[in-house]
Amino acid sequence: MTQMLKRAFDEASRRPEALQDAIAALVLAELASEQRWDESFARSQDALAALAEEALVEHRAGRTRPLDPDSL
C-alpha cells in the first residue's frame, strides 16, 4: 500500500462510521468503474484498430484535414 493511500485510510478511519461507509462506497464504486472501463477497452481493441486503419487510409488518400480546435 502506498503511503498516500495509507494516510487516506488512516484519516477516514477517524471519521464517524456513517462517513467511513460513504467513503468506502465511493472508493468501491470508483474501482468497479475502472474495472468496467478496462474490460470495455480490452474488448474494443479490434474495433479501434480497424478505425485507426480506416483513418490512415483516408489520410493517405488526402480525404482529411488538420484539426482546428477553434472550429469545434
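1. Leu 31 is exposed, at a relative accessible area of 55%; here exposed means over 50%, buried under 20%, and partly exposed in between (1.4 Å probe, protein chains only). The residue sits in helix H2 (residues 17-43), where helices (H or I, at least four residues) and strands (E, at least two) are DSSP runs numbered from the N terminus. This is a predicted model, in which local features need pLDDT of at least 70 and side-chain atom pairs count only at pLDDT 80 or more, while totals for chains, interfaces and linings use all residues. Residues are numbered from 1 along each chain as its sequence is written, and side-chain values use heavy atoms, with hydrogens and water left out.

2. Leu 31 belongs to a nonpolar surface patch together with Leu 19, Ile 23, Val 27 and Leu 28. The accessible area of these residues together is about 420 Å², by the Shrake-Rupley method with a 1.4 Å probe, where for residues only the protein chains shown count as cover. Patches take residues with over 30% relative accessible area and no salt bridge; like charges are joined within 9 Å, and nonpolar side chains (Val, Leu, Ile, Met, Phe, Trp, Tyr) within 5 Å.

3. Helix H2 also contains Trp 37 and Phe 41, four residues apart, or about one turn of the helix. The structure holds one aromatic pair. The ring centres of Trp 37 and Phe 41 are 6.2 Å apart and the planes stand at 25 degrees, so the pair is stacked. The rule pairs rings of Phe, Tyr and Trp (its six-membered ring) with centres within 6.5 Å; planes under 30 degrees apart count as stacked, over 60 as edge-to-face and the rest as tilted. Trp 37 is exposed, with a relative accessible area of 55%, whereas Phe 41 is partly exposed at 41%. On the spacing, an α-helix has 3.6 residues a turn, so residues three or four places apart point the same way.

4. The count of salt bridges comes to three, each requiring a side-chain nitrogen of Lys or Arg within 4 Å of a carboxyl oxygen of Asp or Glu. One of them links Asp 10 and Lys 6, with the closest N and O atoms 3.0 Å apart. Asp 10 and Lys 6 are four residues apart in helix H1 (residues 3-13), so about one helical turn separates them. Both side chains belong to partly exposed residues: Asp 10 has 30% relative accessibility and Lys 6 has a relative accessible area of 39%.

5. Glu 11 forms a salt bridge with Arg 14 at 2.6 Å, N to O, and another with Arg 15 at 3.5 Å, N to O. Through these shared partners, Glu 11, Arg 14 and Arg 15 are joined into one network. Arg 14 is exposed at 54% relative accessible area, while Glu 11 is partly exposed at 33% and Arg 15 is partly exposed at 39%.

6. Phe 9 is in helix H1 and is partly exposed, with 38% relative accessibility. Between Phe 9 and Ala 24 there are 9.5 Å in space, C-alpha to C-alpha, and the two are 15 residues apart in sequence.

7. Helix H3 (residues 45-60) has 16 residues and should span 22 Å at 1.5 Å a residue; its end C-alpha atoms are 22 Å apart, which agrees. The expected span is 1.5 Å times one less than the number of residues. After H3 comes Gly 62, with a positive phi near 80 degrees.
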